[in-house]
Amino acid sequence: MRRFAVPAGVRVFLCVLLLSAEGEGRGRMLSFRRTQQDESRGQARSRPRRDASGALRSSYGPPFTSCRVPLTPAEHKVLDDNTHETGFNGDDGSYVILTWVGDGTGVVLVLSTFSAPIESFLEGGSSRLYRSTDYGKSFRDISHRINHTFIREEFGVSVGPGSSVILTADIPVVDNRGGIIFTSTDAGATFRFIQLPFHLAQPITYHFLNPDYLAALSIDGGLWLSLDFGAKWTKVHDGVHSFSWGAGINLFFSYSRVDSVEAEERGNLVLKRTNDLGKTFTTIHDDIYSFGYIGAFLFFSVMEDSRSPRVMYFSSDQGDTFSQALLPSASTEQFYSILDGDEDMLFMHVDNPGDTFFGTMYTSDDRGILFSKSLERHLFDGQRKSDFTNITSLRGVYLTNKLDDDGRIRSVISFNRGGTWKQLNKPENVECGDQVQNCNLHIHGEHSRNNRIVPMLALSEPTAVGLVIAHDGGYNWRGTLRGPHHYSILDSGGLIVAVEAHREGQVKTIKFSTDEGQCWKSYNFTEQPFFFAGLASEPGTKAMNVSVWGFRPEEDAQPMWVAVTIDFQSLITRECADQDYEEWLAHSSYTEGELEISGCVLGIKEIYRRLKKQSVCRNGRGFVMSKKQTPCMCTRKDYLCDFGYDRDVNTSNCVRQSSAANKTSEICHDGEDDEPLSAGYRKVPSNKCEGGFNPQLHVQTIVRPCGVKPSPGPPGRSSSPATHFDTPRERLVLILVCAGAGVVVLVVVISALIAVRRVVYRHRTPAYRFSNLQIQDNENGLAADLESTTSTNGTVCQHDSDDDLIG
């Protein structure tokens, strides 16, 4: 088993980052699982951990001062009067799925079910469905509205645009011609029973704008569409392996002409598109392994032949044209992973050969074709999980972990969309350990959560300017709570709540802060502690209430689900006024010592209007984040090193890679090869800088017919004597001969170009190809010196189920 080490030991405490940022967005659906007490206690046993020296440690890191402020009696009474506890008596479900429906509706649906098929239960077993219309303060059992039907736990509660909801019944496939779904268009107030003409293989997928448009995959590989929110269904294709909505009403899917399982293993799937809801189809590419859609990019991996590794293709025009990406190819033992994406660029992880648990991260250009190397030794653990996090409330900020040569995990952050990465500064109120002069902050991510070191990943919200909460970890961090916690951001960052993650025992206390975690107050929300299952608040951080979920052992030894909702709105009653806000320059400490570009990131200075830390008031649901932008002068930090170039450690200049001296990027389009000769720089996508540093991005572009290589150089002087045409007659004859030859050549060239164009347009596959040297490198199993891409997904997308395309 591969072991990783966290620098200076595992130090688990809660930190707050004081910059404008947003972490991974929390979805509308949360799942809580209840385990038996003995199982919980077994899991809760503290695991010994090793620091860099191999010594066992279980401390919560170096000491720091944590500000605690006691509740006043008046505050305690207000919270008591606005704390609501619900006990779900008689509910023996082992799994709870909690879902918010609509925006600002206050409607919460709770499905209590089992994580096992219906056949394993006695006749009469059913799920329980509860509904709240007051943000979780009270619930009503509405199981009768779905006929007390058992709902498939793995499908959950599907919530679409508006107030649409779909529940999928768990019924045996045998003796039933199709499945059953329950649909609602009024946030669960009423449900409609629908008998399907097929059995679902996976949850139904909404169109991201029109809730009436639904796509579904049946267990026999049929692709089905409904245009009236599930009332009627039409099969549009057979043998389908996976599908994804694209832009507009484009629907992409891969299918097999014979056996879908064997075709997937061989890479013999066919990628198709319909842009008229199943009436007509266009074949995009044959022999694909898998595909996905993210941001504005369609991508798919292809094995050109049985002896070749897979390569990636990208399209930014819904598959009309596509090009091979300048990325290292991957064998069947390796994988690609799209980490993030938007309409401007992609972040791509390419796995290293062997069982290394790391790879190389690349960022793309705005076409998804040219990739630049962003980060080497990027951590991707054995479960194919990455710590990569998009801090989306500030443009271009990303957080991830890398694996050092000595096996230590180190956290790094980028403020320019993966152009450069730096280690995190230590929290300002935390000292380095004994005999340690310099230290940096480590942020626990997915790897640590999988290993039960911390309960949550980094959290930030788009409306909470200047706030990121993470364990043990951007510019200025501050230690705020010792030990692992569950946490949530409320009121657009004006309120933070946290519940300590007790590995043994039960919980009854919630902590809250109104000054971005500088000081905390504690409130005992129940007199009867219970085993903690999760912390839930409405997505979007506008709400002022939070629910603590758990289960409490009863006298009959049957645990009972419990939800306690605390409403802070009556505690923080004053609405914020203009004097409660301040103007704040984002990234003002990013370029310390370079005052002329201080605060400039991705070519823009951004001044936000955010709440002062000392202001105790309510932002409210109507709060809108405002900011002012001004362009900056361009510097080298606004550019990535182009294909075949690396950044010099000493000068920060982009210099040609020695191994890429003879490599070129060739663009075959309309029968012509365009070979851009780069000066080594490529502007970071989405960068808005003006003037200043301006490298000559394309010194020259060589255009020639595809497949024709440039001549080695100008021809030498001929050794034969020169021929002269001196007389007028000779000159006239020469002109006529040349003119006639020119006409003949022109006709031949035009005919050839027309023929080539027909071939090109028929295949519609403009391809960026490697040079001969690059092909040779790949055939030898060497990773080409390519560059990578970054991306932020701004659209709803359905990834392919293949692991090689999922981050």
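Start with an open sheet of 4 strands, ordered S11-S12-S13-S14 and paired antiparallel. At its edges stand S11 and S14 (192-195); each has a single partner strand, so one side of each is left without a neighbour in the sheet. Ignoring direction, neighbouring strands of this sheet are turned by 25° against each other on average. The model is a predicted one.

Stay in the sheet and select S13, residues 180-184, together with S14. The two strands pair in the antiparallel sense over 4 bridges.

Now zoom out to the whole protein. There are 6 helices and 58 strands to colour. Of the 807 residues, 53% count as buried. A surface display would show an accessible surface of about 36200 Å², with 50% of it belonging to carbon and sulfur atoms.

Most residues other than glycine have a negative phi. Two exceptions can be visited next.

Select Tyr135, in the loop that runs between strand S9 (128-132) and strand S10 (140-141). Phi of Tyr135 is near 60°, a positive value in a residue that is not glycine. Is this tyrosine buried or exposed? The relative accessibility of Tyr135 is 19%, and the cut-off for buried is under 20%, so Tyr135 counts as buried.

Follow the chain past S10 to Asn147. This residue is found in the loop between S10 and strand S11 (157-159), and S11 is an edge strand of the sheet where the tour began. Asn147 is not a glycine either, yet its phi is positive, at about 60°.

**The disulfides**

A search of the whole structure finds 5 disulfides. Three of them are described here, including the link of Cys67 and Cys519, that of Cys576 and Cys617, and that of Cys641 and Cys654.

Which hand does the link have? The torsion about the S-S bond is about 90°, so the disulfide of Cys67 and Cys519 is right-handed. Cys67 is partly exposed, with a relative accessible area of 25%. Cys519 is also partly exposed, with 22%.

Go on to Cys576 and Cys617, a disulfide with its sulfur atoms 2.0 Å apart. The torsion about this S-S bond is about 95°, so the disulfide is right-handed. The pair links distant parts of the chain, 41 residues apart: Cys576 is in the loop between strand S43 (560-567) and strand S44 (581-585), and Cys617 is in the loop between strand S46 (604-611) and strand S47 (627-631). Both Cys576 and Cys617 are buried.

End at Cys641 and Cys654, which a disulfide joins with an S to S distance of 2.1 Å. What is the torsion about the S-S bond here? It is -85°, and the link of Cys641 and Cys654 is left-handed.

Technical notes
Residues are numbered from 1 along each chain as its sequence is written. This is a predicted model: local features need pLDDT of at least 70, side-chain atom pairs count only at pLDDT 80 or more; totals for chains, interfaces and linings use all residues. Side-chain values use heavy atoms; hydrogens and water are left out. Buried means under 20% relative accessible area, exposed over 50%, partly exposed in between (1.4 Å probe, protein chains only). Accessible areas come from the Shrake-Rupley method with a 1.4 Å probe; for residues, only the protein chains shown count as cover. Two strands pair if DSSP finds at least two bridges between them. Axes are lines fitted to C-alpha atoms, for helices over the stretch in contact, and angles run from 0 to 180 degrees between N-to-C directions. A disulfide is a pair of cysteine sulfur atoms within 2.5 Å.
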